[in-house]
Amino acid sequence: MAGDTSWIDHYDDGAPRETREFDSFLKFDEEVDNEGTAVSVDLLLPDELVERILAYLPIASIFRAGCVCKRWYEIVTSERFLLNPPHSLPQKPWYFMFTNSDYPTGYAYDPILRKWYGIKLPFIENSNCFIASSYGLVCFMENDSISKLCMCNPITKSCRELEEPPGLKFSDYSALAMSVNRKSRSYTMAIVKSKQIPEDFFQWDISIHIYDSKKETWMTTLTEVLMGWRGGNESVICNGVLYFLVYSAGGVPSESRHALIAYNISNRSSLASLRRSFIAVPCSLTCGRLMNMKEKLVMVGGIGKHDRHGIIRGIGIWVLNDRKWEEIVRMPHKYFQGFGEFDDVFASCGTDDLIYIQSYGSPALITFDMNLKQWKWSQKCPITKKFPLQLFTGFCFEPRLEIAP
């Protein structure tokens, strides 16, 4: 749309908006034919065929279909349908947005139906936590202490707590990543801990801890002291490789404030050196967000000004190919301005072909389709800003019925 430059201007048109409740997804509006006797085709079809038809629906419509009649409810809630759904319709990732509060509440955005649904996530005790997702599962780790981790499926609301990882219970910085094997449905988790060496600001102790869901055990696979670089809270697993961003701590010359480290989980070695695994970032960044897009590493980053690197002037998207960054696109200036006042750091995540970008200072949300190369504002989120310093954040996940922690 030629004039679609502002998220506020385009969607705040005064028209009433519907907020859907996730647990019910509302009921279908039914029209009754009073002129003749209707014969339900549903009564003529066997359960297997009805199941196959319902499986073509988006996730939200499947839940609403369960409200139509008892038979459909029994089909969509059956163990066979949940564990082996013959879905043929691609399910794009949803985005769950919430605000900083003692008890975070939020809404999930469905980009297919372009609707927001109210979701209760009882496994988030506060908004100050690390979040990682993969193939329908989401892991939450408390920011204040990494001793509590919860793995869940936000759609079915099945969840479980994981055992405490080894090593230091508290660290200065932690990064959480996870990857689900789509065939076996087992998963791997990684936590990167960063702890400052006492009385030495420039040296940081980095440790990597890996969890295997098949063995249900943690392993500390690497510990190393980095000079002039510290870990952060940004990491992702792509194709058996753990990637995480590190940040300049001074003490050594550096052309950029950021760098990327690649650590091979599939072929890890005790002789591996993090310092030799550094990959330079494509330009001066104000922040970087890493994501797995079809087993390709993609980074969304804030582009710093030439003379003031810490001030954002735009947003770029890059993909890593053979340790070299290839620029995919830069956000058009009209969309960048559409956020209003944009902070130097922001939230961004994605999976499959869809990337979400959100400002921490407002509930504005924009999507970028990697396949169509298309930018699009989301429908306006029901969350409203109640005070000037209120912050918003979120994460994306694949809506799936068949996966359990």
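User: What share of the residues in the protein chain is buried?
Analyst: Buried residues are 50% of the 405 in the chain. Keep in mind that this is a predicted model.

User: How many helices and strands?
Analyst: The chain has 6 helices and 25 strands.

User: And what share of the contacts is between residues 24 or more positions apart?
Analyst: Counting contacts with a separation of 6 or more, 55% are between residues 24 or more positions apart.

User: OK, the inside. Which residues have the most contacts in the largest nonpolar core?
Analyst: L54, F81, W94, F96, F140, F395 and F397. That core has 26 residues in total.

User: Which elements supply at least two residues each?
Analyst: Helices 2, 3 and 4 do, along with strands 2, 4, 6 and 25. Helix 3 gives the most, with 4 residues.

User: What does F96 touch?
Analyst: Leaving out residues up to four places away in sequence, F96 touches G106, Y107, A108, I119, L121, T393, G394, F395 and F397.

User: What about a second core?
Analyst: There is a separate one of 24 residues. I315, M331, I357 and I366 are among its members.

User: Switching to strand 13. Why call it largely enclosed?
Analyst: Because 9 of its 10 residues, in the stretch 229-238, are buried.

User: How does strand 13 pair with strand 14?
Analyst: The two run antiparallel and are joined by 7 bridges. S235 sits opposite F244 of strand 14. The strands form a hairpin with 2 residues between them. In that turn, N239 has a positive phi of about 55 degrees.

User: L297 next. Buried or exposed?
Analyst: Buried, because its relative accessibility is 3% and the cut-off for buried is under 20%. L297 belongs to strand 18, residues 296-304.

User: Which residues is L297 in contact with?
Analyst: Setting aside neighbours within four places in sequence, its contacts are V236, C238, Y243, L260, L290, M291, W318, V319, L320 and W325. V319 is 22 residues from L297 along the chain, yet their C-alpha atoms are separated by 5.8 Å.

User: Now the surface. Which residues make the nonpolar patch of about 290 Å²?
Analyst: F201, F202 and M227. F201 is in the loop between strands 10 and 11. Overall, the chain exposes about 20,000 Å², and carbon and sulfur atoms supply 50% of that.

User: Charges. How many salt bridges does a search of the whole structure find?
Analyst: It finds 9. One of them joins E398 and R182, with the closest N and O atoms 3.0 Å apart.

User: Where do those two lie?
Analyst: E398 is in the segment after strand 25, and R182 is in the loop between strands 9 and 10. They are 216 residues apart in sequence, so the pair ties together separate parts. E398 is buried at 9% relative accessible area, whereas R182 is partly exposed at 46%.

User: Which residues are linked with them in a network?
Analyst: R400 and E402 are linked with R182 and E398 in a network of salt bridges.

User: What about K294?
Analyst: K294 meets D352 in a salt bridge at 3.8 Å, N to O. This pair links distant parts of the chain, 58 residues apart. K294 is exposed, at 54%. D352 counts as partly exposed, at 31%.

User: Last one. Where do E327 and R330 stand?
Analyst: They form a salt bridge too, with the closest N and O atoms 3.2 Å apart. E327 is partly exposed at 40%, and R330 is partly exposed at 37%.

Terms used:
Residues numbered from 1 in each chain as written. Predicted model: local features only at pLDDT ≥ 70, side-chain atom pairs only at ≥ 80, totals over all residues. Heavy atoms only, no water. Core = buried A, V, L, I, M, F, W, Y, C linked by side-chain atoms within 4.5 Å. Buried < 20%, exposed > 50% of the residue type's maximum accessible area, 1.4 Å probe, protein only. Contact = heavy atoms within 4.5 Å. Pairing = 2+ DSSP bridges. Areas by Shrake-Rupley, 256 points an atom, 1.4 Å probe, with all protein chains shown as cover. Patch = residues over 30% accessible without salt bridge, like charges linked within 9 Å, V, L, I, M, F, W, Y side chains within 5 Å. Salt bridge = Lys/Arg side-chain N within 4 Å of Asp/Glu carboxyl O.
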